[in-house]
Amino acid sequence: FSEEQKQFLSGFAFGSDVARAVSGLPVVSNSAAPATGKATELTIGAAAPSAPAGPEQIAWQAQQEVLDRGDRLCNEEKAKREKNPLDMWSEIQQRADAGEFPKGTDVFLTKFHGMFYVAPAQNSFMCRMRLPGGLLTAWQLQGLADLADQSAGGYLDVTTRANLQYREIPADQAMNILYGLRDLDVINLGAGGDNIRNCTASPLSGIDPHEFIETIPLARRMHHYILNHREMFGLPRKFNIAFDGGGTISALDDTNDIGFHAVKINEENSDAEFPAGIYFQLTLGGITGHCDFARPTGVLLRADQCVQVAGAIVRVFVRSGDRTDRKKARLKYVLDDWGFERFITEVEQELGDPLPRCDEARLTKSTVEDRLAHIGFHAQKQPGKQYVGVVLPVGRLTSQQARQLALLSRRYGSGEIRLTVWQNLILPDIEEQDVQRVKDALVEMGLGYEASSFRAGLVACTGSGGCKFAAAETKTHGMFLADFLESRFDLDVPINLHLTGCHHSCAQHYIGDIGLLGCKVEQGDDMVDGYHIHFGGGWGMNQGIGRLVFESVAFSDVPAKLASVISAYLQQRHDGESFVAF
Ligand code: SF4
């Protein structure tokens, strides 16, 4: 590392060369295996002549696997071996000083620093943060709003990983953003690229009267574990981890590569190994864009075991994941290939301890999920206190609104803001006597605390307004559909509408009651925005992959199609029948 890099990363523990080799990233100079600048020589050429003992064994195996695959490595893997993306800080600085965007494979590598060059959709950077558990403070939100005005597009987008991102960042502002985030204690290393993304948790952690256990502290612990273990970077593909405390707002843990879901063991089901109490069920392999939920492994963990186990799972994935085919590079495919038993055995070997297993029949699961609990005013666990879930239309917040929310949170709350995977935010700790004042303030700043059954569960990815992969204007269309459906139906049940612009499925269209997947549709001589329309998706207790019902529908025809299905539901449903069941 250069002195500058060391200074920037001074809060981190530096990984060993072994760890770097495991992650597939180049070994830096001054190591036993010096970097040479050539893909096949970086991690492979320096491999030990015979298998070493101890932790080095792991690196050696990883190197052998890479060697076996030879030049079948996909382009992104080759790029990672040409240049360690974690060592690009000075390069990004130089490029920003020159007012230039990255080119070629550097576009991909720069994502390791959370900076996405999003041309041709926009000739600018998008910057993704890392906010573990979606938690931030009022002073951070205020600072982020100021930074949005100084160096980005003057607004913030809440993502489906309870995270924030900037858009419209000019080339010469890239470093101002990265320095500014660090000034605000937001470390976004690994926010993009082949890394572990923002760790999510139940957004009502610690204030939910019904939750089993707090989970934001676990997401924060996982976040700092990642930042301080270099081998947690440079995975075969992106990776998601979530902690769900069993409360009223789901963390959608079953859509993650690793899901930790809180469960209870009652006295009658307890024994010496599992005394009565709260545990986490370990689930693996969720990736709804590939039509799969995380599946139970039978492993049951105490809260204090989760982070170490997640670290071991990632290490096994690092050396077993497919680095030749990006479409098959997620954890799901290792599990499909190996089966769960073999994978868990490898994790146990990595940990050096067996993982505790428990029959699912002994577990009590929470059934308190409320699909509208992220919107509006609700009582907290703390007597006399309420939280408010603020509606953010398709997740967007102007810098002015962000500043006003920060002020509101300081004046009437505890100075905390919590983001949710439903692309909105929560202000906790409001005294009951202040509720009306907070309502008035929200209305004054152009935000709401009530939402129709359509708008509460409206989720849209960036779409063609800012993503080169998008086939449709998802955010605009989502707003239009919510307006259209609200004006026609007064629903008494929530219907989630997920709009995603391409098969990457950032808005998880397969788990929406109604899921729209963007596509181009021929209309006369033109190709226009359209959608494949899916119905019947769900998560958690109502887990299900939406079924494709209408294919390649031009957007102009989508409102009428949805209206006809919802009309049929309202006319024909039996008492209490949900939209999914229908
Ligand atoms: Fe872009 Fe596709 Fe993700 Fe939408 S789903 S933000 S279009 S990559």
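**Briefing: a ligand shell and a nonpolar core**

The shell around the ligand holds six nonpolar, six polar and no charged residues. Here Ala, Val, Leu, Ile, Met, Phe, Trp, Tyr, Cys and Pro count as nonpolar, Asp, Glu, Lys and Arg as charged, and the others, Gly among them, as polar. This is a predicted model: local features need pLDDT of at least 70, side-chain atom pairs count only at pLDDT 80 or more, and totals for chains, interfaces and linings use all residues. Residues are numbered from 1 along each chain as its sequence is written.

**Ligand**
- Among the residues surrounding the ligand are C461, C467, C502 and C506.
- A residue is near a molecule if its C-beta atom, placed from the backbone, lies within 6 Å of it.

**Core**
- The largest nonpolar core has 149 residues.
- Such a core is a set of buried Ala, Val, Leu, Ile, Met, Phe, Trp, Tyr and Cys residues joined through C-beta atoms within 7 Å.
- Buried means that 20 or more other C-beta atoms, placed from the backbone, lie within 10 Å of the residue's own.
- L141, I177, A310, V314 and L427 touch the most other members.

**Whole chain**
- Of the chain's 582 residues, 53% are buried.

**Confidence**
- The mean pLDDT (the predictor's confidence in each residue, from 0 to 100) is 88 for the protein chain.
- At least 70 is the score of 87% of the residues.
- The complex has an ipTM of 0.99 and a pTM of 0.86 from the predictor.

Methods
A residue is buried if 20 or more other C-beta atoms lie within 10 Å of its own, exposed if 12 or fewer, and partly exposed in between; C-beta atoms are placed from the backbone.
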